[in-house]
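Dear colleague,

Please find below the structure that I am handing over to you, together with its sequence. The notes that follow set out what was found in it.

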Amino acid sequence: MASEVYMHRCLELARLGAGMVSPNPMVGAVLVWNNQIIGEGWHQQWGDAHAEVNCLKNVPPEHQNLISESTLYCNLEPCSHQGKTPPCADLIIKHKIPRVVVANIDPNPLVAGKGIQKMRSAGIDVKTGLLASEGTWLNRSFFTWIQSKRPYIILKWAQSADGFLGKSQERVVISGPLTQRLVHRWRSECDAILVGSNTAWVDNPRLDNRFYPGKKPTRIVLGTNRQIPDHFHLLDETQETWFIGKKEIAQGNRTKFLYQSEPVSLSWLMEELFRQNKAILLVEGGAQVLHQFLLQGFWDELRVIENPIRLQEGIPAPAVPESAKLKETWSIGADDIHIFARPSMQ
């Protein structure tokens, strides 16, 4: 079906905005005339032009006269309100585009069907629901952000074939170099990355994305039960860094301490992340932190990396909840990557 091909292209374009538009959604737009794409675009940067604007801007001069005879495909409802940019619904009406096909209704109360209503009132034929499930999965973090008023929570870990995360008080690298690059891509697409204080102490992690381009996430250390040495990477001031707990850490321009009695309330942390516009949280461990998030139900997605090495003994990996549904699986080198979703995100 030709229309599905064009919507798939919208989703491909939208994906290019990953890591750059949060907490806003990833959106792509494709303009089609007589089964020919004459313009396309995507939302490239938070606060900048939306996908529809870029799409129409990219229509070549020789095809400008065809805009009023074309169909516009968008994976998310065009906005209807004045935000950092003007309403896209008004732009579509201005260009007299006769047909618009949308995957998902925007859950943002400022939009929530108003864009579609505005376009239909102007005589535009608007269809919704094309590849809706694919669109929801792509923008799952945005839907969670708007509907639950908290960040989308991804728990990630690497485990050996015999089910161990590593060995106590010893840094063990389980995944291969190509998978490490993939993890750095995941980091670039998130707003914050979290570990426990024991992981911070044993691994001395950078928690950056030096192997993949993009923005640097805010680093969070949960439970400061051990003083981090001054020479450790987490105190290098290269990224915004939060230390949360009851033992004060020396603060810098990009390093801050948030006092909380331990164990730290995850509900409080989610509220603080929401307040600070951190819409996607990647939790990398260690075992105690992962178990804490799983036990309290603070997770939306699990990303499990499994390598064929066997450690024989060590720190057991968390058990994937029975309710989790396997959404994606693939291999990189010797590593198998498994993506699970909680029931509400299936």
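Predicted model: local features only at pLDDT ≥ 70, side-chain atom pairs only at ≥ 80, totals over all residues.

Lys278 has a relative accessible area of 14%, and because residues under 20% count as buried, Lys278 is classed as buried. Its side chain makes a polar contact with the side chain of Glu240, at 3.2 Å. Leaving aside residues up to four places away in sequence, Lys278 touches Trp145, Pro151, Asp191, Thr218, Glu240, Trp242 and Leu273.

Aromatic rings

The count of aromatic pairs comes to five. One of them is formed by Trp145 and Phe274, with 4.5 Å from centre to centre and 40 degrees between the planes, which makes the pair tilted. This pair links distant parts of the chain: Trp145 belongs to helix H6 (residues 140–148) and Phe274 to helix H9, 129 residues apart. Trp145 is buried, with a relative accessible area of 7%, whereas Phe274 counts as partly exposed at 28%. Trp145 is also among the residues that Lys278 touches.

Another ring, that of Trp137, has charged residues over its face. Arg140 lies there at 3.7 Å from the ring centre, and Lys327 lies over the face of Trp137 at 4.7 Å from the ring centre.

The sheet of nine strands

Nine strands form an open sheet with mixed pairing, in the order S11-S10-S9-S8-S12-S6-S13-S16-S15. Strand S11 (255–259) and strand S15 (325–332) stand at the edges; each has a single partner strand, so one side of each is left without a neighbour in the sheet. On average, neighbouring strands of this sheet are turned by 20 degrees against each other, direction ignored.

Strand S8 (residues 192–196) and strand S9 (residues 218–222) run parallel and are joined by five bridges. Within this region, Ala192 stands opposite Thr218 in S9, and Thr218 is one of the residues touched by Lys278. S6 and S13 also run parallel, with seven bridges between them; the bridge partner of Lys156 in S13 is Arg303. S13 pairs with strand S16 (residues 335–341) in the antiparallel sense over six bridges, and here the bridge partner of Leu302 in S16 is Phe340.

How enclosed is strand S13 (residues 301–307) by the rest of the structure? Six of its seven residues are buried, so S13 is largely enclosed.

Helix H9 lies across strand S6 (152–160), S8, S9, strand S10 (241–245), S11 and S12, and runs at about 155 degrees to S10.

Strand S4 (residues 99–104) runs parallel to S5, and four bridges join the two; in S5, Thr128 is the bridge partner of Val102.

Backbone details

Where are the cis peptide bonds described here? The bond from Ser22 to Pro23 is cis, with omega near 10 degrees, and Pro23 is found in the loop between helix H1 (2–15) and strand S1 (28–33). The bond from Gly285 to Gly286 is likewise cis, with omega near 10 degrees. Gly286 has its place in the loop between S12 and helix H10 (287–295).

Positive phi values in residues other than glycine also deserve a mention. Ala112 has phi near 40 degrees; it lies in the loop between S4 and H4 and counts as partly exposed at 40% relative accessibility. Asn204 has phi near 45 degrees. Asn204 is found in the loop between helix H8 (197–203) and S9, and is partly exposed with a relative accessible area of 21%.

Yours sincerely

Notes: Residues numbered from 1 in each chain as written. Heavy atoms only, no water. Buried < 20%, exposed > 50% of the residue type's maximum accessible area, 1.4 Å probe, protein only. Polar contact = N/O pair within 3.5 Å; in protein donor to acceptor, adjacent residues only side chain to side chain. Contact = heavy atoms within 4.5 Å. Phe/Tyr/Trp six-rings, centres within 6.5 Å; stacked < 30°, edge-to-face > 60°. Lys NZ or Arg CZ within 6 Å of the ring centre and 35° of its normal. Pairing = 2+ DSSP bridges. Axes fitted to C-alpha atoms, helices over the stretch in contact; angles between N-to-C directions.
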